[in-house]
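User: Please take me through this model by setting each computed value against the criterion behind its label.

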Amino acid sequence: MAETREEETVSAEASGFSDLSDSEFLEFLDLEDAQESKALVNTPGPSSESLGKDDKPISLQNWKRGLDILSPMERFHLKYLYVTDLATQNWCELQTAYGKELPGFLAPEKAAVLDIGASIHLARELELHDLVTVPVTTKEDAWAIKFLNILLLIPTLQSEGHIREFPVFGEVEGVLLVGVIDELHYTAKGELELAELKTRRCPMLPLEAQKKKDCFQVSLYKYIFDAMVQGKVTPASLIHHTKLCPEKPLGPSVLRHARQGGFSVKSLGDLMELVFLSLTLSDLPVIDILKIEYIHQETATVLGTEIVAFKEKEVRAKVQHYMAYWMGHREPQGVDVEEAWKCRTCTYADICEWRKGSGVLSSTLAPQVKKAK
């Protein structure tokens, strides 16, 4: 008979707060994988007249013209970004831009790999606590679930020293970033360690280009988490970016789940107050150690670990550069010539103007981007 566990959290899918926490998608772009996946490389990508969000043909030229008027945040109706949005920019910013404009081109093979990675993450999460699906009908309900998870996980970390799937959020360079930390635990020395799990289809460590992207991802998690526990994240900022209504009553399913967790609340604002008090009064420390663990999907063999040195100035400089694109202050950039091998399995290689122009956007297509204010 399975052991009964008291701790229960709501699945990320139920809360609407999922964030890619794995590297399987980019694994297909590793040079070794590209050599092994010739069939995938030869799969045609979207044409230059792909279907847009309204199912009408959209050309790359029309897309770039749109950048003259709206920033990517405005064009794609984004209230916030995921940590992995910035991490994938570290791999190829133009691929990130194409992915927002032309979604739905994920190859079945890549989707299968992502599903396997998600299953491994779920299995690890279930080792510590059960998952409960709570129906939500409003964005306030969805964020309430995130807050309930935080309220349940903080005391668990303090009492048991080990949690998984911790939601984080905070304003960075004027944009709200959200994400989910794979694992937090205390070491034997009492240091708080962040552990990020990355699964690999092939039994080998990734290339340095992907390690660089992964290191940036965990550094962003630390940057946001530290700000949360230091009281630098405010309810006003969160409401401003998400356009949430704190006074809106929560749905019956969410209220029932809150009562089961011992929280007497009626609205999202009630939960927000509890969360921010808990973050600042629980004496949670900043993260001391950043660790990435790479494992083989098929055998669950640990391929290696990386201890990441947190360099705040470098992280801030990268964030400022990447946010300049999202805010419409510059055009998206492709990879350097030395990393053109990344294009071999890119879904958008057939329409990529950066690739066709050998590292520059076509002058006839390059947008007149907004100037920084």
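Analyst: The largest nonpolar core has 69 residues, and Leu86, Trp143, Phe147, Phe166, Phe169, Leu184 and Phe225 are those with the most contacts inside it. Helix H11 (residues 208–229) gives the most to this core, with 11 residues; helices (H or I, at least four residues) and strands (E, at least two) are DSSP runs, numbered from the N terminus. The model is predicted, so local features need pLDDT of at least 70 and side-chain atom pairs count only at pLDDT 80 or more, whereas totals for chains, interfaces and linings use all residues. Residues are numbered from 1 along each chain as its sequence is written, and side-chain values use heavy atoms, with hydrogens and water left out.

User: What makes a set of residues a nonpolar core?

Analyst: The term stands for buried Ala, Val, Leu, Ile, Met, Phe, Trp, Tyr and Cys residues joined through side-chain atoms within 4.5 Å. Buried means under 20% relative accessible area, exposed over 50%, and partly exposed in between, with a 1.4 Å probe and protein chains only.

User: Why is the pair of phenylalanine 147 and phenylalanine 169 called edge-to-face?

Analyst: Rings of Phe, Tyr and Trp (its six-membered ring) pair if their centres lie within 6.5 Å, and planes under 30 degrees apart count as stacked, over 60 as edge-to-face and the rest as tilted. For phenylalanine 147 and phenylalanine 169 the values are 5.9 Å centre to centre and 70° between the planes, and the pair is edge-to-face. The pair links distant parts of the chain, 22 residues apart, with phenylalanine 147 in helix H10 (residues 139–160) and phenylalanine 169 in strand E6 (residues 162–172). Both phenylalanine 147 and phenylalanine 169 are buried, and ring pairs link Tyr80, Tyr82, Trp143, Phe147, Phe169 and Phe276 into a cluster.

User: How do you know that lysine 146 lies over the face of tryptophan 143?

Analyst: A charge sits over a ring if NZ of Lys or CZ of Arg is within 6 Å of the ring centre and within 35 degrees of the ring normal. Lysine 146 is placed over the face of tryptophan 143, at 4.6 Å from the ring centre, and lysine 342 lies over the face of tryptophan 91, at 4.3 Å from the ring centre.
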